[in-house]
Amino acid sequence: MNPQKSNWHSLPPDTLLKEFGVEIQQGLAEVEAKKRLSGYGPNQLTPPKGKSPFKLFLSQFHQPLVYILLLSAIITAFLGEWVDSNVISGVVLANAVIGFIQEANALKAINALAQALNVSATVLREGRRRLIPASELVPGDLVLLQSGDKVPADLRLLQSRELQIDESALTGESMPAAKQTGILDTATLLADRSNMAYSSTLVTYGSGLGLIVETGDRTEIGLINRMIASATDLETPLTQKISQFSLLLLWAIVDCAVLTFVVGVWRGQSMLDMFMASVALAVGAIPEGLPAAITITLAIGVSRMAKRNAIIRKLPAVETLGSTTVICSDKTGTLTKNQMTVQAIYTGDRYFEVSGSGYTPEGEFRLDSQTITADTQPALLECLKAGLLCNDARLLKETDKWRIEGDPTEGALLVVAHKAGLHHASVSADHPRLDAIPFESQYQFMATLHDNPPEDNRHIYLKGSVESLLPRCNSAFDNQLQTIPLDKAALLQRVEAMAASGLRVLAFARCDHKDTEVSHDEVCEGLTFLGLQAMIDPPRPEAITAIAACYRAGIEVKMITGDHPITALAIARQLGMRQTEHVVSGADLQKTAESDYPDLVQRCSIYARIAPEQKLKLVEALQSKGHVVAMTGDGVNDAPALRQANIGVAMGLGGTEVAKEAAAMILTDDDFATIEAAVEEGRGVFDNLVKFIAWTLPTNLGEGLVITAAVFANVALPITPLQILWINMTTAVLLGLMLSFEAKEPGLMNKPPRAPKQPILTKHLAFRVCLVGVLLLTGAFGLFEYALSQGKSLAVARTIAVNVFVFCELFYLFNCRSLHYSMFHVGVFSNPWVIFGVVSMTLLQLMFTYWPPMQALFGSATIESEEWVLIIGVGLVVYAVVGLEKLLWRCFGK
């Protein structure tokens, strides 16, 4: 027999023991264990084979933009400008090193998963308990589990004593799962397989014995490991657009250079002159400062995001957030606090609401919307006392933070009791515990026996499921703790109403007792019903605000969780999410054809009981509809989807190392609201990149047009290749890069995200680039020819042309501080770096014009004051024309 992996939970324990050849009292023999270890391999995750470091490094050069830079370096080297050539080559090398490091870091997620199995385990071999490394475990081994253990492999449970396992990192379920040993239906979903314990989950309570059925890569976490390896690490919208833009620019430069060479030779000019003209055109058309501007702008975005609690692991992720159209978020710990909180109590035929959230014991009790004090409500106090005493958890304060030691549900009962002034230490001292019946899954309740000194008797307090306690009760307490008949039908209606709100309901009961011990027979009937406490893992208040902001910004929000559908729906409605008419469960997805996924994800926003591979498919389905997807998460189960998403966002405080390594961004405060801030920063970064590109391209276009016009007019080149390099390199650093420091423009989050297929330069901006390029051609070529006609030397005419380019760029820089408004809209002095750049560039250009060493190096010459008037005049014309174009576009272009 070779049972399928999905069927372990549906097979009887005796059948499994027989198939694996093991006796429950003895375990495997050492010889057999070694034999199986040789056959199955160690209990470790195998990292996939990837590119060698050398190939990974070389792949960083395989980009159109890098081709342009390499071409620029070769040309400048050919011209003998070794400094410029070395600088450009250094930029190429630095970009390659950065890309290599980023890509290598992304693969660390696999190593983090492998390290997750680096634990020890207690096994039964040859009738003796042994502690061995988890890597030596084999299928058929019997593993003993106890509270605090990390499950070392996938186990079929054979024995369970109050065993509870935290599977949130694997399934997304916020509550520890109670385990049992019975047979389950074959179709039972992963999150509901209560007779299984999965590798890397944590035992929070009780003990058990399990048979290893899968190890290493064959475990559920091993499947996730393979999904991470196979998930496509997508290009971001920015890298896609830059690659497309660079490739287009590359061919345009080559075509223009070849055309210039051919036309010039055809018209009888020397091949050497035409070759130098083609080189000048190519040098002029290459935006040497673009890669540096991209890197610096993104790095500034990284710095700004770090101040807002978002750590960026991959530079392009800064911009990707700005173009995000859908955020897929895990629920537990991301949209919610991951801290169970009692929100409602029904006792003494009264319904109390409780304020506050999380483990901080602060809040109020309300009855009929009026705030009350708990000590005026005897039944309420007794119900709270029951939850406090029938409890094994502890509420601890560490500096300014409260935490729970023990079960989260019991922790919630402690917190709500503290809100009423009932403190565990004092109440326990007054009512010492004498005996207890621990919680067991088949009984679904816990009971504790306590002294009750004031009345010189003893009380048994019980807490558990409504289905377990209600049949044991034959009476109830009214608000004054007087016994009254129990109306079970009315009580069940109240329970249904609470459950429909996504609340987890616990029942409480009490009975008097004379003995010092308690047994099951003594609590099987005759109890008095105390009340109900209903709790939920509450949404983060800041997440509600953040989701509303996302909707205003045109971003959809999807909740993808492993939790129960009713709970997910209740939380989604409290968060103010849209499309809450229907919850899609993992079982629903199993019945849905993958071809129908894209339409499904467009219609629905809430997904519950979702398995890890389904998360991945949902992200892929959204991407197939053209969405830019951001995926948030904190568990092992989120890692494949985090990597597949256009940008993965992991939680820094509560997130696993696996999730952090797979993500492009980490939130240091685990606050969903930080994502809103990151989206805003991302949009600001992209705006600044577009501003730089819209600023630099007219220069490259104008230089290319000037060279082409000179060739076609059969006149001397108005600017030499060396002068073009001077213009491009100095203005890019001192003028263009200053746009990277521009603050975000108002209203950035009140407009929809950019369409994923929208080019970097819209038709409107492309028109502006051409307009300014033509103005540069007209101004530079016109003044060049005018100077020659006035008897000026070629050096003077060229110096005038160079200054026309520089000062037109300087004035146009003020236009580019806002793409659609004047600089007065963003504030003339709001970016002091622009002022610094303008002053520095002006001083440098004066040195270029008047300092003899610079004149000797670049072939420049001294010019007169009236020529400066013409140069400044052309710059002002450019500023005025672009300002008028913006005004006309705002009035008629939208």
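Where is the place of Gln-590 in this structure?

The place of Gln-590 is in helix H21, which covers residues 586-590. Please keep in mind as you look around that this is a predicted model. Gln-590 counts as exposed, at 55% relative accessibility.

Setting aside residues up to four places away in sequence, Gln-590 touches Leu-189 and Gln-614. Gln-614 lies 24 residues from Gln-590 in sequence, and the two are 8.7 Å apart in space, C-alpha to C-alpha.

## Arg-125, a buried arginine

Now turn to strand E1 (residues 120-125), where Arg-125 is found. Is Arg-125 buried or exposed? With a relative accessible area of 4%, Arg-125 is buried, because the cut-off for that label is under 20%.

The side chain of Arg-125 makes a polar contact of 2.7 Å with the side chain of Asp-141. Leaving out residues up to four places away in sequence, Arg-125 touches a list of residues that includes Gln-26, Leu-28, Glu-30 and Ala-33. Also among them are Arg-130, Ile-132, Glu-136, Leu-137 and Val-138.

## Salt bridges across the chain

Side chains of opposite charge can pair when their charged atoms come close. How many salt bridges does a search of the whole structure find? The search finds 27. One of these is between the side chains of Arg-433 and Asp-392, at 3.0 Å from N to O. This pair links distant parts of the chain, 41 residues apart: Arg-433 sits in strand E16 (residues 433-437), and Asp-392 in the loop between helix H14 (378-389) and strand E14 (394-398). Both partners are partly exposed, Arg-433 with a relative accessible area of 36% and Asp-392 with 34%.

Glu-410 forms a salt bridge with Lys-463, and their closest N and O atoms are 2.7 Å apart. Here, too, distant parts of the chain are linked: Glu-410 is in helix H15 (residues 408-419) and Lys-463 in strand E18 (residues 457-464), 53 residues apart. Glu-410 is buried, with a relative accessible area of 9%, and Lys-463 is buried at 8%.

Lys-792 forms a salt bridge with Glu-867, with 3.2 Å between the closest N and O atoms. These partners are 75 residues apart, with Lys-792 in the loop between helix H28 (763-789) and helix H29 (794-815), and Glu-867 in helix H33 (residues 865-893). Lys-792 is partly exposed, with a relative accessible area of 30%, whereas Glu-867 counts as buried at 8% relative accessibility.

Salt bridges that share partners also join Glu-30, Arg-125, Arg-130 and Asp-141 into one network.

Helix H18 (residues 488-500) has 13 residues and reaches 18 Å from its first C-alpha to its last, close to the 18 Å expected at 1.5 Å a residue. Which residues in H18 are buried? Leu-491, Val-495 and Met-498 are. They cover an arc of only 65° around the axis, so they lie on the same side of H18.

What covers these buried residues includes strand E10 (341-347), strand E11 (350-354), helix H17 (466-469), strand E21 (504-513) and strand E22 (527-536). On the face turned away from the buried side, H18 carries the exposed residues Ala-489, Gln-493, Glu-496 and Ala-500. After H18 comes Gly-502, whose phi is positive, near 85°.

Terms used
Residues are numbered from 1 along each chain as its sequence is written. This is a predicted model: local features need pLDDT of at least 70, side-chain atom pairs count only at pLDDT 80 or more; totals for chains, interfaces and linings use all residues. Side-chain values use heavy atoms; hydrogens and water are left out. Helices (H or I, at least four residues) and strands (E, at least two) are DSSP runs, numbered from the N terminus. Buried means under 20% relative accessible area, exposed over 50%, partly exposed in between (1.4 Å probe, protein chains only). A polar contact is a pair of N or O atoms within 3.5 Å; within protein, one must be able to donate a hydrogen and the other to accept it, and residues adjacent in sequence count only if both atoms are side-chain atoms. Contact means heavy atoms within 4.5 Å. A salt bridge is a side-chain nitrogen of Lys or Arg within 4 Å of a carboxyl oxygen of Asp or Glu. The expected span of a helix is 1.5 Å times one less than its number of residues. The arc is that of the directions from the helix axis to the C-beta atoms.
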